[in-house]
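This report reads a protein chain from its overall build down to individual side chains. Please keep the sequence and the three-dimensional view at hand while following the text.

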Amino acid sequence: MEYTRLGSSGLKASRIALGCMSFGDTSRGFNAWALDDAGAEPIFRQALDLGITFWDTANVYGFGSSEEIVGRAIRKYTRREDVVLATKVHFKLHDGPGGSGLSRKAIMEQIDASLERLGTDYVDLYQIHRFDPETPAEETMEALHDVVKAGKVRYLGASSMWAWQFSKLQYVAQLHGWTKFVSMQNQYSLMQRGEEREMFALLADQGVGSIPWSPLAKGRLARPWGTETTRGGNDPVADRRFSEADRPVADAVQKVAEARGVPMAQIALAWVLKHPGVDAPIVGPTKEHHLPDAAAALELTLTDDEIRTVEEACTPQAPATF
């Protein structure tokens with residue numbers, strides 16, 4: 001496993017991140033494909049064997065149950081100090097005033113709830129899951145700064161917003177001497193390249209690292225087009241983001257993968273990893289070959305011809321809505 005620092009910060013993390021939206025209690029009605037403790041055990045063990053120590057979850061994943069499973073896994077299989085633990089805040093957990101958004105009340109309430117579920121007294125990376133247009137930027141950034149100063153959070157990150165929104169939040173923090181973001185968890189893959197328009201340039205300017213989610217386009221770049229999976233049949237988010245117009249990309253990745261004699265996932269992930277702004281793509285495994293394929297992508301260098309083949313298949317898409 002390779003390791004890197006997130007942006008210009010001192011936080012060192014594995015170059016593949018374990019995405020923990022795959023874990024949760026399905027009875028809570030979040031992800032029908034989610035794995036419980038028993039199902040997740042071999043994946044956590046495999047991650048540690050591969051050196052994947054950057055684990056990313058969110059308070060909303062499994063409506064809290066993902067954090068619970070991740071917390072139990074850390075206590076059972078490793079040591080807290082050996083894991084870079086990330087979680088998020090924004091989406092709705094309950095109807096109360098602190099149950100969603102990025103108000104001071106919500107941030108203070110949700111960090112404490114996440115820490116309790118995770119069974120730890122701090123998280124390494126606390127991320128705002130989206131921009132909150134209903135809360136002043138100053139209120140959000142001061143509250144985030146306060147949880148850092150309280151010792152509950154080590155670093156701050158953001159996820160999936162327009163470049164102007166991220167720039168505004170960073171500027172507000174800088175203006176007041178508050179803690180700034182060190183990472184951006186943005187959607188980036190061969191099927192969704194919108195971040196190349198403005199976000200990646202902003203991140204480079206600000207010294208912020210990218211930890212892309214869905215680098216395999218919800219699995220569509222990991223298998224021949226049209227192949228059905230349990231998750232594919234139960235993921236309305238993926239259905240909204242991808243369409244038949246994306247098929248040429250999957251076909252091109254398949255062509256390169258077959259010529260190389262490697263899984264499609266390795267080609268698609270190697271392409272994401274080659275971007276100079278990308279620190280650690282997030283891979284959400286549900287099967288035993290997912291993490292080894294991701295780790296192998298670190299050792300795969302695409303040729304200019306291979307890059308041209310997959311990129312020429314891309315059709316410019318409208319920017320993703322968040």
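## The chain as a whole

Buried residues make up 57% of the 322 residues in the protein chain, and the model examined here is a predicted one. The chain holds 11 helices and 10 strands. Its radius of gyration is 19 Å, close to the 20 Å that the globule rule gives for 322 residues, so the chain is as compact as a globular protein of that length. Along the principal axes, the C-alpha trace extends over about 55 × 45 × 35 Å. When contacts between residues at least 6 apart in sequence are considered, 77% of them join residues at least 24 apart.

Leaving out residues up to four places away in sequence, Asn59 touches Gly64, Glu67, Thr87, Lys88, Val89, His90, Leu93, Gln110, Ser114 and Arg117. The C-alpha atoms of Asn59 and Asn31, which are 28 residues apart along the chain, are separated by 14 Å.

Gln127 belongs to strand E6 (residues 123-128) and is likewise buried, with a relative accessible area of 0%. Beyond its neighbours within four places in sequence, Gln127 is in contact with Asp56, Ala86, Thr87, Lys88, Val89, Gly157, Ala158, Gln185 and Ile211.

For each of these two residues, the side chain makes a polar contact with the side chain of a glutamine, as tabulated here.

| Side chain | Polar partner (side chain) | Distance |
|---|---|---|
| Asn59 | Gln110 | 3.3 Å |
| Gln127 | Gln185 | 2.8 Å |

## Aromatic rings and the charges over them

The structure contains 9 aromatic pairs. In one of them, the rings of Phe30 and Phe63 have their centres 5.4 Å apart and their planes at 85 degrees, so this pair is edge-to-face. The pair links distant parts of the chain, since Phe30 lies in the loop between strand E3 (17-19) and helix H1 (37-50), whereas Phe63 lies in the loop between E4 and H2, 33 residues apart. Elsewhere, Phe23, Phe44, Trp55 and Tyr77 form one aromatic cluster.

Which residues place a charged end over the ring of Tyr122? The charged end of Arg80 sits over this ring, 4.1 Å from its centre, and the charged end of Arg154 also sits over the ring of Tyr122, 3.9 Å from its centre.

Just after H4, Gly151 adopts a positive phi of about 85 degrees.

Technical notes:
Residues numbered from 1 in each chain as written. Predicted model: local features only at pLDDT ≥ 70, side-chain atom pairs only at ≥ 80, totals over all residues. Heavy atoms only, no water. Contact = heavy atoms within 4.5 Å. Polar contact = N/O pair within 3.5 Å; in protein donor to acceptor, adjacent residues only side chain to side chain. Phe/Tyr/Trp six-rings, centres within 6.5 Å; stacked < 30°, edge-to-face > 60°. Helix = DSSP H or I, 4+ residues; strand = E, 2+ residues; numbered from the N terminus. Lys NZ or Arg CZ within 6 Å of the ring centre and 35° of its normal. Buried < 20%, exposed > 50% of the residue type's maximum accessible area, 1.4 Å probe, protein only. Rg over C-alpha atoms; globule rule 2.2 N^0.38 Å.
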